[in-house]
Amino acid sequence: MATRLSYPLMDGEASATTQRPTLAAVAALAGVSGSTASLAFSGAGPVSDSTRAKVLTAAQTLGYAGPDPRAQSLRRGRSGIIGIVIEERLQDAFRDPMSLAMLDGIADETGNAGAGLLLLSDIGGPQLDIRSAPMDAVILVGCSTRLDESVAVLRQRGMPVVAIEADDMPGVLSISLDNRDATARLARHLLDLGHESVAVVALPLDAAKEQQRLPANWDELATSHTTRDRLRGLRDVYPGFGGIVATRSSIDAGRAAGLELLEGADPPTAVVAQSDLLAMGVIRAAESLGIRVPEELSVVGFDGAQVDAMGSYDLTTVIQPAVEKGRAAGRAAVELVEGGSPTPMAFTSELHIGTTTAARSQPERSRAG
């Protein structure tokens with residue numbers, strides 16, 4: 001069954017005589033983001049007890065009794081809900097700093113318009129109930145080629161659709177990121193450092209999400225637009241690369257993939273990880289094998305995530321504007337619902353050279369254990 005989570009992120013207009021406390025004010029007083037406050041107040045989602053207590057205390061202090069029913073509609077006769085389709089389990093999405101940043105950005109814009117959000121998790125199971133779900137527009141996140149049928153259904157409903165990081169589709173407003181070009185910039189940085197043996201730890205290719213050696217025909221098999229485009233960027237610089245496909249974007253998945261890669265015959269001198277979490281996992285794998293980063297192994301990531309687990313490492317990566325992507329998608333969805341004609345947005349990532357890459361060297365590697 002499709003997993004659904006509905007929560008209004010901000011209240012709508014106040015009455016003419018009294019300014020009603022808003023969820024945004026509660027979030028500010030509690031010192032948390034709007035989406036975190038919404039999840040805590042509704043009792044849904046992976047929010048710690050201490051955070052939930054802070055939010056509820058702030059709500060009590062401000063006299064915030066709950067969502068304003070007047071915010072249930074962007075205009076008379078509409079549901080006041082914007083759907084978000086995420087192609088992974090919600091618990092995984094809420095652990096990913098980039099997913100949370102995008103949701104915060106979406107929440108900023110839809111909340112200001114008085115809209116609620118309906119989260120739909122598409123993990124490759126039965127057909128989503130998008131044929132009847134009460135929503136005025138849909139934002140597609142983590143898009144894959146499997147969404148083509150869903151898009152067709154939504155277009156039949158006459159529903160506005162915004163897609164984040166997908167191929168261009170007729171009737172769909174695109175919010176894109178330079179996944180291919182950004183990865184190519186990372187790869188050229190490694191090439192300039194003299195690295196010839198470069199491998200990838202990739203995000204999942206498809207819904208199966210199994211750890212595997214990167215198949216030679218990955219371009220034909222990949223259903224994930226983001227994974228495919230980042231692989232293409234690496235191929236632009238290193239045509240003959242190989243690597244491992246991870247099960248998801250996490251440090252644990254990166255470590256497992258990194259161990260398989262680095263324990264193999266003829267390990268690479270540099271690894272391109274398709275997320276910062278995967279990159280940190282590869283670094284953890286290298287540490288466990290006694291491989292020094294960056295002296296013996298250079299590692300690059302993708303995202304610009306701020307993760308405590310990075311410790312003293314300053315990861316070489318590309319910093320993507322995740323919050324801005326979310327805001328652009330939320331703003332476009334609201335504008336489409338109101339009958340406007342927003343233009344597609346294309347975002348560019350910024351290369352950050354940290355301390356996890358160095359010029360190629362070939363010292364004798366000492367493996368732990």
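Reply: Two strands pair if DSSP finds at least two bridges between them. Strands (E, at least two residues) and helices (H or I, at least four) are DSSP runs, numbered from the N terminus. This is a predicted model, in which local features need pLDDT of at least 70, side-chain atom pairs count only at pLDDT 80 or more, and totals for chains, interfaces and linings use all residues. Residues are numbered from 1 along each chain as its sequence is written, and side-chain values use heavy atoms, with hydrogens and water left out. In β9, Ile-244 stands opposite Val-201. Strands β7 (residues 198-202) and β9 (residues 242-245) pair in the parallel sense over four bridges.

Me: What is the order of the strands in the open sheet?

Reply: The order is β8-β9-β7-β10-β11, with mixed pairing. At the edges, β8 (212-213) and β11 (298-300) each pair on one side only.

Me: Which strands does helix α9 touch?

Reply: Contact means heavy atoms within 4.5 Å. Helix α9 (residues 225-237) packs on the sheet and touches β7 and β10 (270-273). Axes are lines fitted to C-alpha atoms, for helices over the stretch in contact, and angles run from 0 to 180 degrees between N-to-C directions. The direction of α9 makes about 175° with that of β7.

Me: At what angle do α7 and α9 pack?

Reply: The angle is about 35°, and the axes of α7 and α9 are 7 Å apart. Among the residues of α7 in this contact are Thr-183 and Ala-187, while those of α9 include Arg-230 and Leu-234.
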